[in-house]
Structures are given as structure tokens and as C-alpha cells.
Amino acid sequence: MAKLNLNRVPMNKQEPEIRRWNPYEVALGYSYEQAVEEANRCLQCKKPGCMNGCPVNVDIPGFVGALAQGDLPQAAQVLWKHNSLPAICGRVCPQETQCESQCVLGKKGAPIAIGRLERFVADWARANPEESGVFNPELPKSTGKKVAILGSGPAGLTCAADLAKSGHQVTVFEALHLAGGVCVYGIPEFRLPKSIVQAEVNYLQNTLGVDFELNHVMGRISNVDELLKDGYDAVFLGVGAGAPMFLNIPGENSKGVYSANEFLVRLNLMKAYLFPQYDTPIKIGKRVAVLGAGNVTMDSARWALRMGAEEVHVVYRRTKAEMPARAEERGNAEEEGIIFDLLTNPSQVLSDEQGWVKGMECVRMELGEPDESGRRRPVPIKGSEFVVDFDTVVPALGTQPNPLIPRTTPGLETTKRGTVQADENGKTTKEGVWAGGDIVTGAATVISAMGAGKRASAAINEYLK
Amino acid sequence: MNKIVEKKELAPKIKQLDIENPEIAAKVSPGQFAIVITGGKGERFPLTVAGADPSKGTIRLIFNEVGKSSKELGTFSVGQELRGLAGPLGNPTEIENFGTVLCFGGGVMSGPLLYIAEAFRQAGNKLIVAIGARTSELLIFKEELQAIADKFYVCTDDGSEGYQGVDFLNDVLKEKKGDYALAMSVATATQKAICEITRPFGIKTITSLTPIMLDGTGMCGACRVNVGGETKFACVDGPEFDGHLVDWDLLESRKRTYVAEERTSSLCYEMGEEFASAEK
């Protein structure tokens, strides 16, 4: 075994002053040599902690070990066994709080860059489909059972892939005109290229034989009871938490105020950055305020910069320590020149005579006693109100479940927060119906939704036996 | 799916398409809308459904060719398929026997009005129907609406046919006060005018709002409107609201968000083609 190496191989990125002007992917990925070198740092622990940190239980030492040997097909096959969407996970999973946080190397130095290696193997397999041997799995004989998956985001796609691999006939119903859920409408091109999402969807459709019904707004055109009556043996709800939240402060309906969802849907799903080549416009001013501190906040702020804004501020009522965004994304945003206005809370959006945003009145905050989330509660400092000029304001304050499905599904119990009640395997209070992802947990991560999709698929499989 | 099976020009720049989509046709009710996507780079735009034939599996859309997307939709011919059609969206019109219902249809919205008015009629209501347009040649469904109306009126902005403007409705209501009213128009000023006429009579007036929409399913909030001091999403809370509670200025202001971009888009579409053919 090679000598213990505590430093990870750095990954190439577009330089901040270059990338802030373009929509292309920021991270450029490892070369073959870099990937093998990094993989060789792995100690191949007998009791690998990394796997415990993975919501879908990828055999991490298995694929990293194969990669260290330069056996790419083997690495790909091990990876795909547990994860149908590795190119997405390698890019957007918060590895630093999951697999990589459990790596023993992390005790003394830098943990293995598992996410970067996953991305490398996934991208190699996509570029070498024949050689990788992962795109022509032997599908079992059809079981004759039909499963309906509602929503084509990470939970739905994972559940669909696993059930199709078990021989069930799977149909995915998606409300929008493209499949992928948050991966197509929410996460920006510069973090997750849409061609990659499309490739993953194509794999489900062409290789695994999953049917996709797009433009299908469940709860309106059909409902769960009708699906069960129409011969579906089980239903999985992976419809996400799609409804945006606002601050409910005066002036929030002014022109130039976009919910982060609207802002990102225009740019990502509708490609407003290519207007007028694409038909959907967006109007982004010179001074942009994005409210919040999650990954969606960073995504919106960084898009605004790429669309030509001169100054982009993230306005957050707590401090950096409480920010829920991934450290990497916050770091990327800082490098690109995003300004952080911390301990600051907007109290009013100000507009001009034509109804356009012209600024915000904000109040300074200080941290008080911890609240129920365990974070110190921000409290306004009396008399500290001040006004700042902005011409675009993007509240990125989180999302809540869209009530359409629960409302049209009798027998499906929901919580006070509007999320669907489900056990650890996704089983809901309604016979034959499972749920997973943000519709159960409230807004969370791609990988936790995938984990939920995976557990539900196992439970559905058992149910259909 | 989404194949055009019939196409008609109802008036200059007003077109009617019957589109094959059996699932929507089976589910849609009067008052609901659909999101249309013409092509691969197209935007998502809402149109109020103007009719459905579940036996043929078709729905009817009527639109004015004003911007790029509607102009492009107008070029679709029988047999061609739309890139996308999502629906039925929004809540259906509340249909009951209210007594006498005043139904107003402005311009292209006389199409969806006919669909809704037929349902009111079937529920046993008496109908006072009034339709309006900028000028005589833009009036649509005159005969069809007249046929189901107990009283029928026509008005135009320029006075070229019937009454000039909508003020005559004051006299109509003085003569026979209705029990319920429905105001359909894409013009905010017209909707507001009708609602202000019915207000002193105390007639509950429902109006279908047409703000800018994006997904049409409640996930973006582009269509937020203020009704009775509360923010509502027209796509999921509406599209119909109590017209006496709507903040019309906000609605009109937000509808004008992309005036410049809409012009750019429309010009690129028309002039782009012109230049391309000149270069050939």
C-alpha cells in the first residue's frame, strides 16, 4: 500500500472572474490520472464509515478500489448497482456532511474526494456506454405489475429505476414539460448541466423501459384513486415541495420581485438566459438582493451575476455560521464576488411610481437565545432600520408542499406542515401508496430524496410479491 | 397527442383551434385553463379553455395573435402537433342556479364565456349576455350567445356596432337587476369597468384574471394577485375571483412587466423570418 497521503488531488475549476460571466459548469472534473491518484489514497477500510454516510448505500470502497486499479468498467458497475443517478449525485450531493465526513483520512487530513470520483466514473461511463457495461442491464421477466410514479425528480427517478429493474412496468407522471424535477428547473446549468439530467432520464426511458407522461398535472387531470382503479398496483408520490414562500412584507408583489422558484424556473427550465432565442424572458437589474442563505439562495445569486448584475447581495438575518448552504457553494459564491449582508432582515420592499422595485428597508439583527432549530434566534435591533437600493429582489426562503395531491387523495394523511405522513419506508396511511422526498420531509437534498425513493422501491417490491 | 384537428379564423387575428387531447377533454370544466407550449424553445402560456368535446377527445382554444407565441400558435395547421399542452388547470367556474346571471364577454374572451354561459344556462339560470370588442368585425360568437341568452346586447369601443362602451349596462341592470355576474376579458380596464358597474347594485361579480404565468401549477408565484388584501396565486387559487375585491392597478402593472421583451421577441420572430427569406 502506498504511503498515507493526507492531501486530496485538487479538481480544476473555471476561474472566478471567468465563470461569473458564463453559464458553463464551474467544476471541470478530474482527468483519468487525477482520479486514479485520488482513488489510490483510499485505505480500503475493513469497516468503511463512508458507506454509513451514504443515504443510498453506494459501495464506495468497491468503486473507489476498482478505480484505483484503473478498472473503470468494474468501478462503473459497482457504482450503478446502488445508484441510478451517479452523475447527478457526484455533482450535487453534500458529500462533506455524508460519505466524506465519515472517511478516516478526515481525522488527520482531507477525506477521499468521493463526490469527485463518483462524478468521474459516471461521466466516463456516459462517454463510453458500451465498454462500461452499465447501460445494458439484463432486465428480469416482466412481473405484469404496474406502478405509477408521481413526479420525476430525484425521488421519483430513483424509485422508477429500481422498480423497472425488478421487472415492474413503471410510468412516471410529470407536471412540467421536461422530466427531472428540481434537477431541471431548480439546480443551475453551472452546477448541473441539463444534458446530464437528460442523459439520466434517457437511460430510464430507453434502457429500463420506463414510460414518461409529461404535462400531466396530477390532482387535476387524474388522481391517485383513479390510477389505482385503472390497474396500477402501487403508487409512489415524489411530487416534492414546490410551492414558494414569501416574507409577507409590504411591497413584495412589486415588479422585479421573483420567488427563487420563478427566478430559477425561468433560467433553468425555460432557458431565459438565451432570450430571445428562447421565448421566456427574465428581467435582472444592476443591483440584486437574494434573501435567505440556502443552496437555492446561492444558486439564484450566482445566476444573477452571470446575467450581468453589477452587485449581488445575499441578505440573511443570521450569521455565516448558521447558513444552511453547502460550504462549497458559499465559497464559490464568495469567490465570484457575491456580497453577504448578514444579520440583516428586510422589513419592506420599496417601489417606484411604475411599480418596479427600487430598494428595501432593512433592519439590523442580533442573535439571541437558541430557537427550536437549535440555532440562535435573530432578534431585530430597535431603531436600526435603513434603506438600500435594489432593482431586483429574489426571496429564496424555502418551499412548502403543493397541496394539490394531498387535497385530491382521500385517505392520505398529512402533517400540520402539509407534508405527507409516511413511515421510514415511505408507506403512507393509504393502502398501495408510498411517498418520499420533499413531499414527506419538507425541502431537503437531492440525495435524501433518492434515499427515500430507494427505500420505497424496496417496500413496493415486497408489497407486489 | 395535441394534434390540431380543426382550425378557424373567427375574426381578423382571432383564431380557434380544436386540439386532440382526450384526457383533458374528459376532465376539463368551464372556467379552467390550459398551458400551451408551441415549440421546443417556446414559453409556457395560459389560455382559458373555450370548449371541450369528450366524445371526440378535443378541447377548444381561442386566442388573439398579439405576441410571438400566439402568432406562432396561429401558424399551426390541421394535423400539426403542439409541443406541449397541460391542463385542465385552475378551478372551474362555480355553477349553480343563481337566478339571473349577467355574462359579459370582451373580445377573445367571448369564446370561454360561451362555454361557461352554456353551463349557467343548463343549471337553470336566466342569462343577460353582453359582448364587446374594439370594433364590429372583432365581435365573436354573436349568434351562439344570442341563442342562449334571455337578453342580449352588443357594444364596441368605437361605436361601430351596438352600444359604445360598457356604460349602457347601468341601464340594463336598472331595468332588471341580476343576481350574479361574470366578467370575462383580457383587458384589465374592461374587467374593472364591469365590476364598478355591478358594485352599486350589490351583485356578486366573478372575474377571470389573466396575469402572467409560468408553470401554472402553483410553484412559482409569477401570477400573484391581490384580492381583498391577500396575495393569491391566480393559477391555483383562481383564475376566477370576486371582482369587487381585486387590486386592478397591481394586476395591470404586473401584466406589463415584460412589455419591452415581448416586443423584442415578436420583432425577432417576424423580422428574423423576413431577413432570412430576403437573404435566400
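Me: Which residues have the most contacts inside the largest nonpolar core?
Reply: The model is predicted: local features need pLDDT of at least 70, side-chain atom pairs count only at pLDDT 80 or more, while totals for chains, interfaces and linings use all residues. Residues are numbered from 1 along each chain as its sequence is written, chains are lettered from A and ligands numbered from 1 in the order written, and side-chain values use heavy atoms, without hydrogens or water. The core (buried Ala, Val, Leu, Ile, Met, Phe, Trp, Tyr and Cys joined through side-chain atoms within 4.5 Å; buried is under 20% relative accessible area, 1.4 Å probe, protein chains only) has 87 residues. Those with the most contacts inside it are Phe63(A) and Leu67(A).

Me: Which element gives the largest share of this core?
Reply: Helices here are DSSP runs (H or I, at least four residues), numbered from the N terminus. The largest share is 8 residues. They come from residues 446–464 of chain A, helix 19.

Me: How much area do chain B and chain A bury between them?
Reply: The contact (heavy atoms within 4.5 Å) takes 46 residues from chain B and 41 residues from chain A. Of the buried area (accessible area lost on being put together, 1.4 Å probe, summed over both), 53% is on carbon and sulfur atoms. The total is about 3600 Å².

Me: How many salt bridges are there between chain B and chain A?
Reply: A salt bridge puts a side-chain nitrogen of Lys or Arg within 4 Å of a carboxyl oxygen of Asp or Glu. Lys283(A) and Glu261(B) meet in one, at 3.0 Å, N to O. The count is 3.

Key
Buried area = accessible area lost by both parts, 1.4 Å probe. Buried < 20%, exposed > 50% of the residue type's maximum accessible area, 1.4 Å probe, protein only. Helix = DSSP H or I, 4+ residues; strand = E, 2+ residues; numbered from the N terminus.
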